[in-house]
Amino acid sequence: MDDKRAIAQTLYKTMGLTDAALNDPDIAHLVINSNMVVASHLIEGLVVEPAETQNGVRVTMKVLAGHTIQKPVHLCFGMLPEDGLQEIIMDVTIEEHASVSILAHCTFPNAKNIIHKMEAVITIKEGASYSYLERHVHAASGFITVLPHAIVTVEKNATFKTDFELLRGKAGIIDINYETTCHEYSHLEMNAKVNGVQDDVITIRETGHLNGEGAVGVLTTRIAVRDTAQATVYNTLTAHAAYARGHVDCKEIIQDRAIAKAIPVVEVNHPKAHVTHEAAIGSVDDKQLQTLMARGLSEDEAVDLIIQGLLS
Amino acid sequence: MAILKLENVSLSLNNKPILDSISVDFWEGYIHAIVGPNGAGKSTLSYVIMGLSNYRTISGTLYFKNKPINELSVYQRARLGISLAWQEPARFEGLTVYQYLKASKKDNGLSIEEAMDVIGLPAQEYLPRACDKTLSGGERKRIELASLLVMQPEVVLLDEPDSGIDVEALERIFDAMAILKQRGSTIITITHSMAVLQKAEHAFLMCHGNIIDKGGIDKISGYFENKCIPCDHKNIPISGETR
Ligand SMILES: Nc1ncnc2c1ncn2[C@@H]1O[C@H](COP(=O)(O)OP(=O)(O)O)[C@@H](O)[C@H]1O
Ligand SMILES: [Mg+2]
């Protein structure tokens with residue numbers, strides 16, 4: 001037990017979090033190292049059933065109808081070893097009019113060759129709200145393959161917001177694939193921010209189907225790539241009902257010999273629906289750069305600050 | 001003494017001569033104005049002094065405190081004590097006003113809060129805001145002045161600080177200029193406005209890539225009253241012959 005606690009603390013430290021978060025009785029948490037549950041704490045209205053599998057865990061998570069979980073629930077999927085496979089299978093149901101926000105950390109501080117897979121099926125019932133921030137902490141070198149895959153249903157008047165962040169360490173291979181179906185008057189927001197270096201290969205596929213009347217969806221992607229990193233963003237937003245509204249927004253900054261692509265697909269097949277998209281890909285804006293240099297920042301400092309701004 | 005001196009400075013862009021052998025001294029501690037018609041080369045002159053990319057390949061020599069600075073990059077010149085506020089300031093997507101001012105901050109400058117106070121934008125409200133297109137043009141320009149107040153460079157280049165600014169905000173810009181001067185800056189301001197010219201102590205008239213006249217405000221302000229004689233440049237004043 002004490003061993004497990006120590007592992008949980010070590011994982012938390014790599015994410016810049018202290019024990020306080022593990023000890024706060026109001027913050028629910030679940031900490032997984034490889035395929036082992038090393039810490040967990042639940043609070044009223046939140047049901048989490050983890051089962052260890054050969055290469056990871058299967059987690060069933062439910063927020064019971066009408067419950068609002070006040071403080072963000074901490075999920076931590078980590079691997080302290082240098083290599084291995086971690087497969088997370090998540091089955092999430094947010095029941096009617098319940099609300100929760102999740103802060104998920106994926107931390108692989110010693111990674112040399114790690115594969116992290118996530119298969120999630122998420123159902124957000126009528127009037128419920130689910131917000132999920134997934135923050136990755138990778139090693140500065142080494143190789144990680146991150147394959148998050150989620151199928152999400154957002155029912156009437158429900159809200160789904162997801163943020164994926166990889167700002168520290170080497171990305172490795174990232175292949176995000178989220179597909180969301182939105183019913184009447186639901187809200188969808190999918191954001192991804194990734195910083196790619198060296199030979200990273202980043203693929204983001206985010207899809208939203210605005211099937212219900214008045215459904216609203218926004219897909220936002222911010223990517224910075226340098227060295228020989230590559231990023232490809234496939235954002236798809238379809239609108240099939242009256243007053244469905246959507247927007248796709250992709251910005252990518254490239255440096256060195258990096259390559260960025262954006263392939264937005266916008267499909268509207270109801271005359272009263274409306275979807276827009278914007279994409280901007282290029283090197284650091286020259287005027288911003290020159291302005292910061294005219295205040296005394298070196299070129300590298302200026303570029304870093306502008307990229308930090310893009311990814312903030 | 002001249003803090004900044006240009007000797008026979010010429011620049012061509014895309015094989016087109018833009019600055020034509022300009023020689024000029026900017027005396028230390030003064031507010032200098034540069035006036036002249038659109039296209040005369042005023043902005044270009046400020047970019048050349050700042051050393052922006054694309055404006056580095058000049059003939060002639062730029063001196064800062066009697067030392068040539070032609071070879072220095074933008075940030076090296078900035079660190080020596082030269083800075084520039086664009087007519088249309090950059091929009092920083094993702095950076096807050098606070099982050100921008102913090103990046104500009106140097107030991108000699110005002111504090112960030114003091115600078116916001118001078119330009120008349122409440123710090124509490126504006127510092128957390130994005131320094132992007134959600135700011136009005138006038139707000140963004142005032143923040144540009146704030147970024148110079150926190151930096152306190154020895155030479156401040158202002159490209160049309162009054163453009164897009166309403167009367168009330170213009171007073172804040174004048175306050176900022178007065179404080180910069182009082183704390184030791186030499187100011188070189190490009191302008192199309194009589195109000196700005198009158199804040200200056202010395203002025204230059206530019207036409208067709210040349211400085212064609214210089215002197216006190218009274219002398220140069222004739223330009224604003226159409227007191228240039230007709231010349232080859234069609235409605236554009238010609239060298240030395242203001243009447
Ligand atoms: N990159 C460029 N290539 C060619 N001509 C340019 C370039 N930039 C500016 N010019 C020209 O240089 C001249 C001076 O411009 P500018 O310095 O902006 O004038 P001002 O600020 O006095 O209005 C103008 O005729 C303008 O068209
Ligand atoms: Mg100009």
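**Close-up views of a predicted two-chain model with a ligand**

**Figure 1. Salt bridges between chain B and chain A.** In this predicted model, the interface of chain B and chain A contains four salt bridges according to the rule applied. Side chains of opposite charge can pair when their charged atoms come close. One salt bridge joins Arg295(A) to Glu144(B), with 2.9 Å between the closest N and O atoms. The side of chain B that touches chain A draws at least two residues from each of helix H2 (74-80), strand S6 (82-85), helix H3 (97-104) and helix H6 (137-149) of chain B.

Figure 2. In total, 29 residues of chain B are in contact with 21 residues of chain A. The two chains bury about 1900 Å² between them, and carbon and sulfur atoms give 56% of this area. On the chain B side, the residues that lose the most area to chain A are Tyr75(B), Trp86(B) and Glu93(B), which together account for 27% of what that side buries. Polar contact links 13 residue pairs across the interface of chain B and chain A, both residues of each pair being at pLDDT 80 or more. Sorted by class, the side of chain B that touches chain A comprises 17 nonpolar, six polar and six charged residues.

**Figure 3. Surroundings of ligand 1.** The residues around ligand 1 belong to chain B and include Leu13(B), Lys16(B), Ile18(B), Gly41(B), Lys42(B) and Ser43(B). A polar atom in the side chain of Asn14(B) is 3.0 Å from a nitrogen atom of the ligand. Ala40(B) places a backbone N or O atom 3.2 Å from an oxygen atom of ligand 1. For Thr44(B), an N or O atom of the side chain lies 2.5 Å from an oxygen atom of the ligand.

**Figure 4. A salt bridge within chain A.** Over all chains, the structure holds 22 salt bridges. One of them pairs Glu189(A) with Lys161(A), whose closest N and O atoms are 4.0 Å apart. This pair connects distant parts of the chain, 28 residues apart: Glu189(A) is in strand S13 (residues 187-196) of chain A, and Lys161(A) is in strand S11 (residues 159-168) of chain A.

**Figure 5. Confidence of the prediction.** Chain B has a mean pLDDT of 92, and 93% of its residues reach 70 or more. Residues 237-243 of chain B have a pLDDT below 50, and in the model this stretch has 23 contacts beyond near neighbours in sequence. For the complex, the predictor gives an ipTM of 0.94 and a pTM of 0.85.

Key: Residues numbered from 1 in each chain as written. Chains lettered and ligands numbered in written order. Heavy atoms only, no water. pLDDT = per-residue confidence, 0-100. Contact = heavy atoms within 4.5 Å. Buried area = accessible area lost by both parts, 1.4 Å probe. Salt bridge = Lys/Arg side-chain N within 4 Å of Asp/Glu carboxyl O. Polar contact = N/O pair within 3.5 Å; in protein donor to acceptor, adjacent residues only side chain to side chain. Helix = DSSP H or I, 4+ residues; strand = E, 2+ residues; numbered from the N terminus. Nonpolar A, V, L, I, M, F, W, Y, C, P; charged D, E, K, R; others polar. Near = heavy atom within 4 Å.
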